[in-house]
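Good morning, colleagues. Please look at the chain on the screen while I speak about its salt bridges.

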Amino acid sequence: MGQRRLPSLGIPLPVVVFLAGVGAWHFAVRKSLPRFVNQKSSAAGSTIRPSISTSAAVTTPGSQPTVPAAANLTSSIPATAASQAPTASLPAGSSASDIQFIAPEKIAAVSFSDKAGESETDTTYVFYRVGRFARGPNQGAELLMASVSRIDWPCKGHCGEPVLVRYIEKGKVVFPLPKISDPQPPADTVGRGTSVDQRPFANFGATAGQASDFSMPLLEYPQTIAAGPHATLQRADEGIGVLNPAVLQLAFHDPVYGDVWMTKPGLGPQKAFYEQCKDVNPQAENSEAGCESLPPFTDNALYFFRPDGTYLSYVYQPDFRPDAGQVTWKDGALPAGTAYVDHTLVGCSRGSADAISMVSPASVSEGDLEPIGKVNVGGDPLYGLKDKKHRLYQEFYGAYDSSFPTWTSQIENDQTAKQLSYGDFLKARPLFLWKDPFGRLIRFVNTRFIIPNACEPIVCLYPQQTQNIQVKLRQDVTVFDSYPAYQQGWNVTARPDGELTDLRSGRRTRYLFWEGRSYILPPEQRGFVVRSSDVAGLLESVLPRLGLDQKEAGDFIAAWSSKLTAAPYYFISFVERPVIDQYYPLRIEPAPDSVIRVFMDFTPLSKPIAVEPPLLAPLPQRQGFTVVEWGVLVR
């Protein structure tokens with residue numbers, strides 16, 4: 001699940017992989033990571049300039065990185081020497097005009113693992129040569145780039161998002177370039193701290209020098225780009241790839257960064273939302289941020305391309321919010337609590353399948369549109385569809401309607417869980433359309449009608465003695481991601497301290513993890529309204545009262561408090577136990593003596609609302625074989 005883990009080879013045990021050739025490919029950092037084949041071989045000497053004949057070609061949709069057969073070279077570096085304060089400094093005075101850029105050439109990959117107690121971190125550097133200094137005080141030096149990924153284990157879902165770091169290599173000394181490196185990487189990878197991790201360079205027979213102030217505008221990381229009076233672009237991702245006119249068209253020209261390109265209409269996702277990334281594209285993988293491995297440049301972002309073979313993507317965010325009193329509707333104001341999203345949601349974490357939801361002209365023509373409102377500032381019209389049986393409406397309603405189980409009517413007093421008729425669905429304004437400054441037709445979707453997901457349920461087993469246990473979900477629960485792999489259930493050996501061994505794979509873990517499709521559960525009427533900054537404090541207070549111990553509550557808070565920051569306030573509630581058991585029954589053999597289940601539900605708010613406090617059940621007791629499950633419902 002997520003990134004495939006590199007084998008752990010010791011502490012620390014660096015591995016150097018020299019790459020014998022490279023195919024044409026596209027690589028978006030924080031979106032994908034090359035997979036390596038680690039094969040043991042005899043050690044050999046190395047330099048930072050292995051002889052490789054490679055080139056990068058124009059990216060084509062669906063192309064993937066190719067990794068040739070590799071040789072592993074190992075060496076032992078004392079852990080105390082891994083990070084050191086560099087002493088050598090790079091001569092000043094070089095300029096961007098001194099560099100002859102080349103297409104990125106993969107030259108090596110270095111991987112190593114570090115352990116601290118039960119925690120383990122895998123770090124991978126993938127190095128590229130991207131230019132040479134042809135003149136100036138650093139003539140003969142090379143401009144290098146590394147994709148750096150760190151995975152902290154255990155990993156739930158997609159982990160180890162890579163970032164790009166740049167260096168100058170001169171005379172077997174590698175100088176980090178923090179001003180033209182991604183702002184995200186750990187300080188010891190790019191010289192933003194007092195020390196630099198020496199291990200990636202020691203295997204080249206090189207050392208790390210002091211960070212250099214060298215910079216050039218085209219390789220910097222502007223947070224925003226102005227594309228007009230009402231169009232500010234926000235930086236999103238960086239990647240390795242070149243312009244592909246088959247999927248991109250010119251958006252505008254920037255005086256500093258040159259031509260800025262955008263996805264051609266119709267090539268991005270076309271549904272209101274997706275349950276999982278494989279529904280967007282069969283090769284795609286779910287991640288916390290969205291979908292991995294989608295065809296390149298098809299996410300409706302805007303891009304500018306840089307001379308070292310990389311690009312930056314930017315997101316345009318509309319300058320109005322329909323749920324914040326910034327819109328006037330012809331048929332009256334929105335009901336309280338109505339919320340819209342302007343990008344295509346996907347997966348359990350409600351990540352994005354695109355930067356903005358652009359509707360293809362093949363689906364909606366000018367003649368299909370009717371004005372239903374306007375933006376208060378500027379007066380831009382907002383559109384509905386004349387044909388109330390238009391495919392956009394019908395597909396959205398079909399997905400919403402399918403999210404209700406046939407047995408919902410059996411739940412007593414459950415009027416709130418019943419679906420709307422198609423007519424009432426249309427009256428609730430499920431979607432509307434708007435033209436952005438680049439002429440694209442943007443879809444806004446009412447989040448009320450998006451199928452919720454059960455996110456990150458964690459199942460812990462605490463038997464009184466070591467024994468084999470089988471755990472199953474109900475057959476109609478769709479599992480998108482799991483660890484260990486859910487294959488019509490889990491079969492594990494559990495110890496009293498909670499350590500589990502998967503009987504299929506032999507993997508050890510502290511929990512069973514799954515994510516999947518939920519039904520539209522009846523919304524909780526009671527709960528807590530808190531500022532986003534107070535979410536962690538609320539959970540620290542409430543979770544122990546629901547039965548979680550200190551470690552379980554800590555894991556819950558670490559996993560979710562940082563994700564509830566986008567809105568100023570949140571309405572937080574906890575699903576009642578009978579409802580959890582009705583919608584998500586667990587089948588466990590042998591049967592446990594005690595079961596504790598905690599599912600949080602939440603709604604982002606632009607301002608506080610009045611709610612009644614919850615009626616929390618008595619503190620559950622742990623007796624005998626105890627099962628603990630916690631998770632979150634994401635609507």
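I begin with E370 and K388, whose side chains form a salt bridge, with the closest N and O atoms 2.7 Å apart; the term denotes a side-chain nitrogen of Lys or Arg within 4 Å of a carboxyl oxygen of Asp or Glu. This pair links distant parts of the chain: E370 lies in strand 25 (residues 369-375), while K388 sits in the loop between strand 26 (381-385) and helix 4 (391-401), 18 residues apart. Helices (H or I, at least four residues) and strands (E, at least two) are DSSP runs, numbered from the N terminus. E370 is partly exposed at 25% relative accessibility, and K388 is partly exposed at 37%. Here buried means under 20% relative accessible area, exposed over 50%, and partly exposed in between, with a 1.4 Å probe and protein chains only.

A word on the basis: this is a predicted model, in which local features need pLDDT of at least 70 and side-chain atom pairs count only at pLDDT 80 or more, whereas totals for chains, interfaces and linings use all residues. Residues are numbered from 1 along each chain as its sequence is written, and side-chain values use heavy atoms, leaving out hydrogens and water.

Next, E238 pairs with R166 in a salt bridge, at 2.9 Å between the closest N and O atoms. They are 72 residues apart, in strand 13 (residues 232-240) and strand 8 (residues 163-170) respectively. E238 is buried at 1% relative accessibility, and R166 is buried at 0%.

In total, the structure holds 23 salt bridges.
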